[in-house]
Amino acid sequence: MRKLKIKRPSLRALTLPGLSFLLAMAFGALLIAFSDSTVLKHIGHPWSFLKAAGVAVWQSYLALFEGSVYNPSLATPHDALLSWYPLSETLVTAAPLILAGLSVALAFRAGLFNIGAQGQFIFGSIAASYVGFHFHWPIGIHVIAATVAAIIAGALWGGLVGLLKARTGAHEVIVTIMLNYVALYFLMWLLGTTTFLRPGRRDPISPDVLPSARMPLLAGSNYRVNLGIFVALAAATFVWWLLSRSTWGFRFRAVGANSAAAKTAGISVPFVMTSVMAISGALAGLGGAVHVLGSDFSLTSGTAGNFGFDAITVALLGRAKPMGVVFASLLFGALRAGGGTMQANTNTPIDIVLVIQALVVLFIAAPSVVKWVFRLKNLKTTGELAAKGWNG
Amino acid sequence: MSLELRGITKSFGALLANDSIDLRVETGEIHAILGENGAGKSTLMNIVYGLVAPDSGEILVDDVVKNIKEPSDALASGIGMVHQHFMLVPVFTVAENIVLGHEKSGFAGRLDLNEARERIKKVSDQFNFNVNPDDLIEGLPVGVQQRVEIIRALIYDAKVLILDEPTAVLTPQETDDLLKIMKELKGQGTSIIFITHKLREVKEVADRITIIRRGKVVGNASPDASQKELASLMVGREVELAPDKGAHSIGEPVLTVKDLTVRDNSGRALVNNVNFEVRAGEVLAIAGVQGNGQSEVARAMVNLEEHVEGSIILDGAEVIGKSVRESLHAGIAFVPESRELDGLIASMSIAENLILDLHDLPPYAKGIQMSPNTVLSEAEKRKVEFDIRLQSVTDPISSLSGGNKQKVVLARELSRPVKLLVASQPTRGLDVGSIEFVHKRILEERDAGRAVLLFSTELDEVLALADRIAVMYRGEILSIVPSGVSAQELGLLMAGVVHA
């Protein structure tokens, strides 16, 4: 009997994201060159201009690499391994992003556009933080309880969207955008209450979660890398299994690809919408837990940062596939971690990183640009991300 | 105006869709292009209309080579086309659709539709199309939408009119009307390229017939050739046009429908107090013109309609109120009217499409863990049993031809224990070979003692398969007649004429 052909993300599928990234880096290089005042001094002399530009771009991208993966100058005589410290930072940033990205990707596959990962992430952070600082439980149990609380909070916040869509037809994009605001302002209100405001502080910040509720560190106290990255990878594996090996995922994909046919075959579309949004919410909520229990420890109004929105980018870049999301998140984590070093060591502002991220998305959304630049004829550009209309 | 194609060749990857096709259509001629689905007829016409660029070959209008790159070039050369799949904006009115691309504006850029309205009314009255210029397309039955497409081509003075399967959705009367129109147009000097696989129509109107098989012109025929000869040329082997209906015994009622009323969201009754029963080993055909409530009756059988009154008794148990899933598992096989929209999920694999309904039951799943190997091995079995022509069961279903897609739907629906088969337009858009298969399979189910409820707008199909025929008109069953009824009589009933 033949074995099931698992549709691995083949090289072809990686072509578009890969080339888009290359092209974005190339545009970034132009920006670096033309925004550098020392380079611009040579503008009248083409040869020295090119040389100066090359140096500026090389130094910026080297700094980006040193800030995100490996920096030999960080090594001390006692600890040569410290030069890998930037990689730890990349993983710390990537872990919550993977989870939020999975949340968006899963909903995508079921035909839903979850813009609400941000709100679900916030609710996860609130629940994890509250359980983490309010209760005094033993090591192990405490961190698990805080994580589970975050999963439940995210699932409820996400499931609400699915329920509204299934019952009333309310479009998930509108609902999630609005619920993001509700979540943010709810968080800001909470931080003014005596329960959440850190004693002795007037600015909105919660108490640190207790050490017993923190994600265990993986490489000792010199590095921030923690169990969160493994939680994220486990979640990616779970989402892969869910989508390609479980009856639930089968239904999600069926409804996502053609809800009329799914309904005709006896699949309950309202149930699928509600459950997929609940699971999506749970993943984003888990992202909040990993962030608060793994690296941030306290809640502020900016706790969720840009995770929920970068999640959309990452899901797009990863073509809504779990492994794709992992790689895309690692890449974004590296860009974020390295951007700071780049700004500190060179004349290049951290904003270049944002430009590169935005360009990657732009090129993926407009594949004809990539095709034209690289003279590709048969690049497959249709994937799972066919956008749905407002009636979808 | 004459149209000539010389050496048109087009390949899509490894598939040679058109292989150096030569074709000449004379002024005022109805030239039928006969071929099975996937033979390359549509590709050829899309090339003529500027939708697809040929790899090689040239198009001549009145013996002058024309460079047709866009549909607008084709229109400028006097070539108009009515597509098989409608090119209409659903949320626009008829008039708005017809002026699309040729809008006239009045004061301060206001859209002026009055002239278009007049012209639509004129054409509509002339050919009895009964089209109101101000109706929204999405509210119109498929048949009327088709007429809008035809009006559009007629209004822009096409001298060569390409009709791609124009009669697929028309009633027998409407088809006769269209054939008359085609003859009239021909009389006025318009050339018509008539793409079809319906032999009766070809024989009735065509002046010349070109037969295409697998991208090549395999022959020309005159309209005097017999249907059987034409079908054999088209398919490339002998075909049986009318299936053998063997002797069989009719049993107890399996399905009893009482006072069935189906309403739309606004409360309007689309189906009004319908009563019928289907017995074991019997095919009850519900005939009627598209849009007279048959689709809603079919969908109500498996609870896909929301506002339903009355009762549907299957084998002694009420069906109404159950979920779709429960209805299907109560023993109803359901072949929906639209394979593409309701029957199949285009981006999922053939194997997955075969188990849409059973994916969470053994042997395909244990708990929520699916067994991919079982899914594949069962798909291989279905492939053999239903003669589904495919390369790999893991390919997406969209890689299959229409006939093979329908076989997948049938294979899925008949793999549950079935008491009643509900088949809605089961051969719409299929080629002769696939129609033969589907008909045989439906009769096999009947002979095995199952009740079959067939919904069809095709007279030939109804007459070939049915034991009894119920004719629906405006949401009601006008009459239920035995299968011996003549095609003419049936056609009149479908038009709402009940004679005393």
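Predicted model: local features only at pLDDT ≥ 70, side-chain atom pairs only at ≥ 80, totals over all residues.
**View 1**
Let's start with chain A, whose domain assignment gives domain 1 (13-72 + 348-379) and domain 2 (94-338). The C-alpha centres of the two domains of chain A lie 31 Å apart. Domain 1 of chain A brings 13 residues to the contact, and domain 2 of chain A brings 10 residues. On the domain 1 side, the elements giving two or more residues are α1 (11-35), α3 (46-68) and α14 (351-365) of chain A. The largest share of that side, six residues, comes from α14(A). By class, this side of domain 1 of chain A holds 10 nonpolar and three polar residues, with no charged residues.

**View 2. Chain B meeting chain A.**
Here the view turns to the contact between the chains, which takes 26 residues from chain B and 20 residues from chain A. To find your way around the chain B side, look for α10 (324-329), α11 (339-343), β18 (369-370) and α13 (372-385) of chain B, the elements that give two or more residues to it. Of these, α13(B) gives the most, with four residues. The side of chain B that touches chain A divides into 15 nonpolar, seven polar and four charged residues.

**View 3. Inside the largest nonpolar core.**
In soluble globular proteins, nonpolar side chains tend to be buried together. The largest nonpolar core in this model has 259 residues. Ile162(B), Val422(B) and Leu454(B) are the residues with the most contacts inside this core. Zoom in on Leu454(B): leaving aside residues up to four places away in sequence, Leu454(B) touches Val283(B), Ala285(B), Ile286(B), Ala423(B), Ile442(B), Leu465(B) and Ala466(B).

**View 4. An open antiparallel sheet in chain B.**
Four strands of chain B make up this open sheet, in the order β12-β11-β14-β15, with antiparallel pairing. The edge strands, which pair on one side only, are β12 (269-279) and β15 (317-318) of chain B. Further in, seven bridges join β11 (residues 253-263) of chain B to β14 (residues 307-314) of chain B. One pair to pick out is Val262(B) with its bridge partner in β14(B), Val308(B).

**View 5. A cis peptide bond between two prolines.**
Most residues other than glycine have a negative phi, and most peptide bonds are trans. The bond from Pro362(B) to Pro363(B), however, is cis, with omega near 5 degrees. You will find Pro363(B) in the loop between α12 (350-353) and β17 (365-366) of chain B.

**View 6. Two buried loop residues with positive phi.**
Glu165(B) is not a glycine, yet its phi is positive, near 50 degrees. Glu165(B) sits in the loop between β7 (160-164) and α6 (172-187) of chain B. Is Glu165(B) buried or exposed? Glu165(B) counts as buried because 20 other C-beta atoms lie within 10 Å, and the cut-off for a buried residue is 20 or more. Gln425(B) also has a positive phi, of about 45 degrees, without being a glycine. Look for Gln425(B) in the loop between β19 (420-424) and α15 (432-447) of chain B. With 24 other C-beta atoms within 10 Å, Gln425(B) is buried.

Note on methods
Residues numbered from 1 in each chain as written. Chains lettered and ligands numbered in written order. Domains from an automatic or database assignment. Contact = placed C-beta atoms within 7 Å. Nonpolar A, V, L, I, M, F, W, Y, C, P; charged D, E, K, R; others polar. Core = buried A, V, L, I, M, F, W, Y, C linked by C-beta atoms within 7 Å. Buried ≥ 20, exposed ≤ 12 C-beta atoms within 10 Å, placed from the backbone. Pairing = 2+ DSSP bridges.
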